[in-house]
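Subject: Structure handover

Hi,

Here is the structure I promised.

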Amino acid sequence: MMPPAQRICSLAHPPEHDEPGEENENGAKKMKMFARLLNKTDRTKCAFTPAIPLHYQNGAGTAQFFLVPASPKHRQYEALRACFVDHIPVPQVAQQFGYAPGSLHVLCSKFRKKPSLDFFTPPAPRTRHSRAKPLHDKILALRKQNLSIYDIARALAHDQTPLTPAMISRILAQHGFAKLARRADEERIPVTAPVRAEKADVQALDLAPRSFHTSFGGLFLFLPYLARIPLNAMLNKSHFPGTQMLPALQAVLSLLALKLVDKARKSHVMSAVLDPGLALFAGLNVIPKRSFLTEYSCRIDPNVYPLFMRDWFDAVSALGLQRGRSFDLDFHTIPFHGEDALIEKHYVSKRSRRQNGLLAFLARDAERDVFCYANAQIRKADQASEILRFVDFWKKRTGHLPEELVFDSKLTTYTHLNRLNQLGIRFITLRRRSIQMVHAIQSLPLSAWRQIELPNVARQYRTPRILDEQIQLPGYTGPLRQLTIADLGHEDPTLLITNHLKLSAPTLITRYAQRMIIENQIADGIDFFHMDALSSSVPMKVNCDLQLTLMASSLYRLMACDIAQGYERVHSRTLFDDFVDASARVAIDAKHIHVHFQKRAHNPYLIASPIPQQHPPIPWLDNKKLNLILG
């Protein structure tokens, strides 16, 4: 006997007949048999969806509409009807309509909880043209009163008949109305709008006796340091651009203020443009708008940044910011989302992929937790040599070479490692693993390994196994030490190479592990100083942003060293939350600027520090002396 699935498929395409009467009679019988078999057979076994010929559309042929639903909603309806009306068992209904039994049980359960499911789409309401004509007449009447499409849209929304400005423009065009000419602000209908601040002008700065409240009182904690730095002379020496209304000093102080108070983008200044304290810090009547702050760095010659960075380095060193002997080096890719053909692809660690971006080199003082060097004008062809440029920079600024550099395997080449060794600079870095090297290490016997214990490590893997040996690398002359480290929490062993020949293995491993802190410090620069929140791909803007990051990082570290009490190694965000994020009352008199801080839990640390005892005259504020009063 023919299987049920084949019988259904054969019924869907019956053979041709010679006599029309026999065709109609046999067709009706076969369609009834088709309907019965469809309830007992898995339709998926058929090689195609059953289709009824045109001459079977009358009579039993219309059963296909109910037995083979075309839409998901229709299929749900027929399946639920079979369960609740025809009382067919759920497994049989699931097989008939192509459901899994569990899915059909869930569908039945939902239907019991909410029987009013929408299986049939209600007809769309017909538009009454009788309402359109009065609305058109109202729009035309409002336009005759010289109202713009936006004014008309607000008037219609007020009358509970809202229309979009685009639709209003289309209606007016249909009736032959042209667009209105652009009008001045005084010619427009008064509406609710943001308050406009005055134009930023250093000549309009008011230092007459007055008092006001500011949300940026913590900014004045940095003025004792900035007042002792010849910032204006440094900017003029580096040829920073400026105008009579906005000199270079005021422009840079405005940008620096945003870095210090955790403003992610220059456009975010608009929320604080009316704050008098922010403007007073920069020596202006109001802080510049976002348009000026965004385009200012485009006017700066990129060649001035190295000169200014050297002068800034000398200035903060004169203030007492001590320098260490060991440095952590790393690259950071600032992502770029655009179509600039000059932008190269670099690896973005936080996304684990390569994408268009600008490569920035950062050097961090490992002992003082402060960024001391940065450069964003790096191309792929020059990135391996950047470590030597940092060495040259440090030699010129301090008179001696850095004693130790710690970095990862992708920062430079073996040839440059050889140059560092010839200069007498100690380094610790990783070696890239090849598949052959990993296989060779894994084939070594256990007797070749030596187990050590890492001191002061609060982690699970404190007793790794190591191989300590001297190796030769292409392009490197001289002794080179390699530590192969296993059981450190990684699947593959770690290869550490260094020219430290006498330092113990636990000390070397611990020091390189501390290098990972630079990633946390870079994250601090990214999250708090917003290194990735740049408004353009222009390299000058990136360099300007990096220079401001170096300045802000130095100022936060100077304040942390003066506060002490364990704040010397904390992140900048912690300092901001505990001290800088504070409102204050500012009072200006003939000779002083008094800043009254509110009472806060961490104020005793500031009171015990030398910061409030300093009363330096502020050069860009008419040499008025600063007086910090802590509640």
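Start where two helices meet. Val90, Val93 and Ala94 in α5 touch Pro101, Leu104 and His105 in α6. By class, that contact has five nonpolar residues, one polar residue and no charged ones. Please keep in mind that this is a predicted model.

How do the two helices sit against each other? Two packed helices are described by the angle between their axes and the distance between the axes. Here α5 and α6 (residues 101–113) pack at about 105 degrees, and their axes are 9 Å apart. An angle of 65 to 115 degrees counts as roughly perpendicular, so α5 is roughly perpendicular to α6.

Now α5 by itself. The helix spans residues 90–97, and its buried residues are Val90, Val93, Ala94, Gln96 and Phe97. Why do they lie on the same side of α5? They cover an arc of only 165 degrees around the axis, and that puts them on the same side. The general rule is that an α-helix has 3.6 residues a turn, so residues three or four places apart point the same way. After α5 comes glycine 98, with a positive phi near 80 degrees.

Next, α17, residues 414–422. Its buried residues are His416, Leu417, Asn418 and Leu420. What do they pack against? The partners are α16 (386–398), β6 (404–406), β7 (426–430) and β11 (494–498). Just after α17, glycine 424 takes a positive phi of about 85 degrees.

One glutamine is worth a look. Glutamine 547 sits in helix α21, residues 539–563. Is it buried or exposed? Its relative accessibility is 5%. Buried means under 20%, so glutamine 547 counts as buried. Leaving aside residues up to four places away in sequence, glutamine 547 touches Tyr305, Phe308 and Met309.

Last, the sheet. This open sheet has five strands in the order β1-β12-β13-β15-β14, and the pairing is mixed. Which strands stand at the edges? They are β1 (210–214) and β14 (617–618). Each has a single partner strand, so one side of each has no neighbour in the sheet. Further in, β13 (residues 592–597) and β15 (residues 624–630) run parallel and are joined by six bridges. Within that pair, isoleucine 593 stands opposite leucine 626 in β15.

Best wishes

Conventions: Residues are numbered from 1 along each chain as its sequence is written. This is a predicted model: local features need pLDDT of at least 70, side-chain atom pairs count only at pLDDT 80 or more; totals for chains, interfaces and linings use all residues. Side-chain values use heavy atoms; hydrogens and water are left out. Buried means under 20% relative accessible area, exposed over 50%, partly exposed in between (1.4 Å probe, protein chains only). Helices (H or I, at least four residues) and strands (E, at least two) are DSSP runs, numbered from the N terminus. The arc is that of the directions from the helix axis to the C-beta atoms. Contact means heavy atoms within 4.5 Å. Axes are lines fitted to C-alpha atoms, for helices over the stretch in contact, and angles run from 0 to 180 degrees between N-to-C directions. Angles under 35 degrees count as roughly parallel, over 145 as roughly antiparallel, 65 to 115 as roughly perpendicular and the rest as oblique. Ala, Val, Leu, Ile, Met, Phe, Trp, Tyr, Cys and Pro count as nonpolar, Asp, Glu, Lys and Arg as charged, and the others, Gly among them, as polar. Two strands pair if DSSP finds at least two bridges between them.
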